[in-house]
Amino acid sequence: MFRWGVLSTAKIGREHLLPAMVEAENGVLSAIASRDLSKAKALAERFGARYAFGSYEDLLASNEVDGVYIPLPTSQHVEWTAKAIEAGKHVLVEKPLALDAKDILPLIKLRDAKKVLVCEAFMVIYHPQWIKVRDLIASGAIGRLRHVQGAFSYYNVDPSNMRNQLDLGGGALPDIGVYPTVSTRFSTGKEPLRVQATIERDKKFGTDIYSSIRADFGDFELSFYLSTQMAARQVMVFHGEKGFIEVFSPFNAGLYDHHRVELHNQNHTEAQVFRFPGTQQYRLEVETFARAAQGGKERVFTLEESVLNQKVIDAIFRAGGTDDWETV
């Protein structure tokens, strides 16, 4: 069994990843660390972890942990990923891994030197609905892909939330802009060449709160909008010459809608519906990671892919300050 350690008691861990680790068939939650030992002990007791540590360093030094999950604030991801790698631990780090693509490159060298697995936590690529979208496009089900359209929004104006704190890496693009980008890249196997963007920032927080983006993939175009101050919505549509594919709850399947993908024909007279009830994408993520860390030939989200995805976000930020296309 793969022995997990978790750095911090963050909400995403409590609500999604820790339950997934407990339910996983090939892993156990071994240890939790917090700078407040009482919080680590309380969460360890809640989820049945044997060990609780009052510092992240103590957990990384433990022989009872094979790999760690890092859900710290975005601004701390690179630092603690590097420390975990140095300690010889496999690392699953919450997205976004970095705020600049160049910051990921030293982690690749460190990963290779220490011979550990390091992945950014994009749970969507493990969900069978996205594998179905990829397979439908590859099989020619919608003919030539011409346009991808997406949206991801929620409403959050809490000043204490890290997503509204610029110094912690907050903002819509780092938090949710990565999803339309990564799901399009995953589904098509293509990379964008250039981007255009309009970006609005909150006057108080300084974070980006709304973006409208165009990405030129050469053969097709991706357009999507994001917001942290709009009513909650998620959707992705892949529109081809012979039909289109709509993903109704693309990123938080089961929360915004059912696990549902629809394939429509050219004349909009027929639709095939693909449902994936009961799918737990976070459990699939941690189980796949554990198998890969133990030598399995699993398809995981590599650091090289993280660089490519972050380059797109970096280019969008640059484009937001101009009226021109920005090369990725």
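**Pockets and cavity**

Analyst: Helix α1 gives the largest share of the lining of the largest pocket, 8 residues. Helices (H or I, at least four residues) and strands (E, at least two) are DSSP runs numbered from the N terminus. The model is predicted, local features need pLDDT of at least 70, side-chain atom pairs count only at pLDDT 80 or more, and totals for chains, interfaces and linings use all residues. Residues are numbered from 1 along each chain as its sequence is written, and side-chain values use heavy atoms, with hydrogens and water left out.

User: What counts as a pocket or a cavity?

Analyst: On a 1 Å grid over the protein atoms alone, a cavity is a set of points where a 1.4 Å probe fits but cannot get out, whereas a pocket is an open set with protein on both sides within 12 Å along at least five of seven lines; lining residues have an atom within 4 Å of a point.

User: How much space lies in the largest pocket?

Analyst: The largest pocket holds about 1200 Å³. Its lining has 46 residues, and K11, I12, E15, H16 and R163 are the closest to its centre.

User: And what volume has the second largest pocket?

Analyst: Its volume is about 220 Å³. Of the 19 residues lining the second largest pocket, S212, I213, R214, S223 and F224 lie nearest its centre.

User: Turning to cavities, how many of 30 Å³ or more are found?

Analyst: The search of the whole structure finds 1. P96, A98, L99, P174, Q310, I313 and F317 line the largest cavity, and helix α9 (residues 303-319) supplies the largest share, 3 residues.

Note on methods. Grid points are joined across faces, edges and corners, and a volume is the space filled by probe spheres set on the points.
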